[in-house]
Amino acid sequence: MRFTRILGVLAAASALWSTPTRAADEIVVGFATAASGFMQAYDKPAQDAALIRIDEINKAGGLLGKKIKPVFADTKTDQAEGAKAGLAVLDQGAELVIVSCDYDFGAPAALQAQSAGKVSFFLCAESIKAGIPGVGPYSFSGSVLAAVQGATMAEWAYKKKNARSFYRLLDSWTVYNKGICDGFDWMMPHLKDSALAGSDTFKNDDASIASQITRIKSLPKEPDAIMLCTMMPGAVSAIKQIRAAGIKSMILNGSGVDGSYWLNAVPDLSNFYVPVQASIYGDDPNPKVTEFNKKYKDVTGGDPSSQYVYPGYVLIDVWAKAVERAKTTDTEAVVAELEKMNNEATLFGPRTFSKDLHHQNQGRYLIVDTEQGKPKVVDQWTISEKIPVDYLVSK
Amino acid sequence: MLQRPSVIWQTIATPVMLMVALLAIAALSYQFGSRAFNRTVVEMFINIMVVVGLYVFVGNSGLLSFGHISFMCLGAYMTAWLTIPPVMKSITLKGLPTWLLHTKLSMWVATPISGVFAALFALVVGRVIMRLSGIAASIATFGLLGVVNNVYSNWDSVTGGQGSIVGTPATMNVWNGWLGAAVAIAIAYLYSISRSGLALRAARDEAVAASASGIDIVRERLVAFVVSAFIIGLAGALYAHFLSIVNPGSFYLRTTFITLSMLVVGGMYSLSGAVAGVVVISALIEVFRDLEKGVSLGGLTIALPNGVQEIAIGIITIVILMYLPTGLTRNREFSWRGWPLQRHLAQPVQTALKELN
Amino acid sequence: MTELLQIVFDALSLGSLYALGALGIALIFGVMRLVNFAHGDFIAFCVFAMLWPSINAAAIVFAGNLPFYLLIPLLLLVGAALSVLSEVIVFRRFRNANPATMMIASFALGFAIRNFLLMMYSSRPKSITLWPRLSLPVEVLGARIPMLQVVTIIITLVVLAALTVFLKRTRYGLEMRAAADNFTMARMLGVRANGVILLAFAISGMLAAAIGLILATNSGTADIGMGANLMLIAFIATVIGGLGSVPGAVAAGFLIGGASVVFQATLPHDARVFRDAFVYGAVIVVLLVRPQGLFAPKSAKQRV
């Protein structure tokens, strides 16, 4: 039968692939990320930032005196293929496996790394699962938990903008969105005299959220702030419809809507607030961030499209520091050094890891206010209390 | 009176050949393949189980079903509930009943239970849906897929919602995979030579005449629905063990259409077609993925641009169907040329009166 | 009263979008017994036709900058051309194949188109600004509706009226209805098969472009998955409406839109995430009660 022959040929061909020999003076870092499929748009920017950091380290003399060598395997935005990509980079000798920006798509490769006893880092996953609960004790994430974004916006609006009535509008499409609203829910009881004016849900690809808007409009008083837990692409449509209906409340968001590339679709958007780890708009309080943005543009040919570029840089930064401190790439030692990090300064905000949490349940966020369609950093906020891990895991 | 050879003796060449061919693939892969290649082969075996399950219903009844992947979802989640260590379950899946939270079974026990769970669900739902015919039935199964997907994506306390639940032991290898595929093929074969299978095929070809001959079409369809759900439930369970994480998104439209494509490309009305379709399409996908990774010829690496694999598979599917509209096997079954008194499993009859829906 | 009116308008506007989608699917199904699963991807293709291929986050709009009296006909032409091309290159070979094969072929075509768009434009949604003034609300009897929704409802009604006139009064319409009723007989009586089918595909393609324009104006973004959800609902609406019945498909589209809005407005808060499950459940119930569809044409009834 012809197909058995095809498979036989394939099997033989795969046997002929030899594992490339690993040079003794190199540390291999494996990127098991999406180079095609819909995750590519989210993985590539963070991956480019990670490669910039690797380049910086190599130019400064390398890690433990050795050059870092990046190797790549495409997950094709497919879970089964992701596991194979993880195996592929591990077979090339990777000491660190970097996986996709999303827990569901990064976990298969991360699980392979975990079984092989290697450290894995999620490029920018913001779910509590991207770490110990969802993979294992050697897994970390380079970004900040989605819940922190919701909690940050609620506390900032309460303290700085005197918002007292909040409306919670959740896009039930992804776990990320639910994470933002979980953080919001946790923060609300901590804000005295604040009240939840109402709550509703919609789905990202709904052609119209008219009924949800009707509910908001029929409240006796317009809420001070609407906590909008959503992400691209449906966020644009929702925001358009909210403003078109004449609702003037503050709109509070997660970082998922960061970026100016979509602002054309909602002309003269105002009273719109987004938390970011650092500013892509050139007005970050830290001049080194603006320098990085320029370097990013030189290397990739375009400005950073959103703040999700930055966690890629941060993860290489903290991992390299841990390796330097542990003086080895041995997994247990590196993990121990990472877990010692408390408010470790990085270019894009402090990072803290511990034995119980390999993610950030508190973070310094810059608040970007969009007025008349122009985004601008107006403030900076860190939530007053860390969000408890048990609360997040149980959600 | 001359003893006529039994149906089994006449037709057993087909499933035996299929199982042997798959065993050869498993052995070759185990011996020579890289770890990643072995995973590809396991995935192929699981797809074979799904498509064979689809064949049991679609091939025998002639009704296209878009909802069977919901059984895969049910099977996968049931296995996850039964095999994830209780410590992990208690944190994330608080809505589960206590006895389920404390259970931890091995893959060998949990998998048949998941299959039975899917089959029971199919029994309940099928009693309602199987009365429909033609495209109405197909849309109803589509509705079933939508309902199951929506419920599993949002019932956070029991299914973990859209987030993946992790912890199913990764116990799959090519031999387990082959065993699963062999079991699926065996069940499908036994069903198709059974009285119920024959009756359903008669109804498929000529519903009015079959009904006039005393066949209870609804009942036979229900039997096929339940058997196919069992097989696909088993496949779902093995898939959970393969990936170690389960997520409702993997059991929705994309998987539905890919498995249906594999069935139609292979030959909708034959068991060999189901297996052949999966093997050929899996091989083609693998070839294109390797081409995307790059082939070194001498010092040069030639690689297709990323993303070409999916486009190529779409185009190739169309081309195959253009020239072979009844599929690769043309609805015939494989058999061994030298097999004594061989008889093919019946092909669909070309009827004079075409059903108007 | 205002609230009820608001719900009615919301239902009408969502329903008209679904109805337009169902029209596109029903037309082709009527003449060819083919469910065109690539319809959603035609919609996305028409929207992306306005942008220059680029994987950057910001869209490079080229055709989208044209004034409306050039842009709309251009896009309608693109939609018709894509649809007709698919017919000539792909679907023509499947005229006599069984329905399952045709369905899978159309799905494979849609799959190829979608991944082609993915390769050219990447999956990040691109922003398009089309006629932002259409998003401003209009007050009708106390209910507030964005002008775009009113425009959608009006367009749907106009298209429906035009199509009805076309099908009932013109010669080509008569040929299409004859072909939908009994293709072989129609050919024997002199109806040119290719002509009728090409016409159906062209109209369906134009409808896809219209839907694409409405979706893009409403959401302000161009996204690969645009139209996928709509296509599914349109497919279901076509079947519930009664296969082969164009007015039935439209009515079913309005019904499903209405059901979705009503469920969203009336379900208790915790059950609202399960809205889609309720809608699909309602679809199954409708099918059980009337399996041939709500407005099944007489030809669908079996004689035996």
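A: For helix packing, axes are lines fitted to C-alpha atoms, for helices over the stretch in contact, and angles run from 0 to 180 degrees between N-to-C directions. The model is predicted, so that local features need pLDDT of at least 70 and side-chain atom pairs count only at pLDDT 80 or more, while totals for chains, interfaces and linings use all residues. Residues are numbered from 1 along each chain as its sequence is written, and chains are lettered from A and ligands numbered from 1 in the order in which they are written.

Within chain B, helix α10 (residues 174-193) packs against helix α13 (residues 217-243) at an angle of about 180°, and their axes lie 10 Å apart; helices here are DSSP runs (H or I, at least four residues; strands are E, at least two), numbered from the N terminus. The two helices α10(B) and α13(B) are therefore roughly antiparallel to each other, a term for angles over 145 degrees, with under 35 as roughly parallel, 65 to 115 as roughly perpendicular and the rest as oblique. On the side of α10(B), the contact is made by B:G180, B:A184, B:I187, B:A188 and B:Y191, and α13(B) contributes B:V227, B:I231, B:L234, B:A235 and B:L238, where contact requires C-beta atoms, placed from the backbone, to lie within 7 Å. These residues of α10(B) and α13(B) divide into nine nonpolar, one polar and no charged; Ala, Val, Leu, Ile, Met, Phe, Trp, Tyr, Cys and Pro count as nonpolar, Asp, Glu, Lys and Arg as charged, and the others, Gly among them, as polar.

Turning to the neighbours, the contact of chain B with chain C takes 33 residues from chain B and 35 residues from chain C. On the chain B side, two or more residues each come from α8 (134-154), α14 (253-266) and α16 (308-323), and α8(B) gives the most, with eleven residues. By class, this side of chain B that touches chain C has 22 nonpolar, ten polar and one charged residues.

The contact of chain B with chain A takes 36 residues from chain B and 34 residues from chain A. Here the elements of chain B that give two or more residues to the side that touches chain A are α2 (13-32), α3 (35-61), α5 (86-92) and α15 (271-293). By class, the side of chain B that touches chain A has 15 nonpolar, 15 polar and six charged residues.

Terms used: Two residues are in contact if their C-beta atoms, placed from the backbone, lie within 7 Å.
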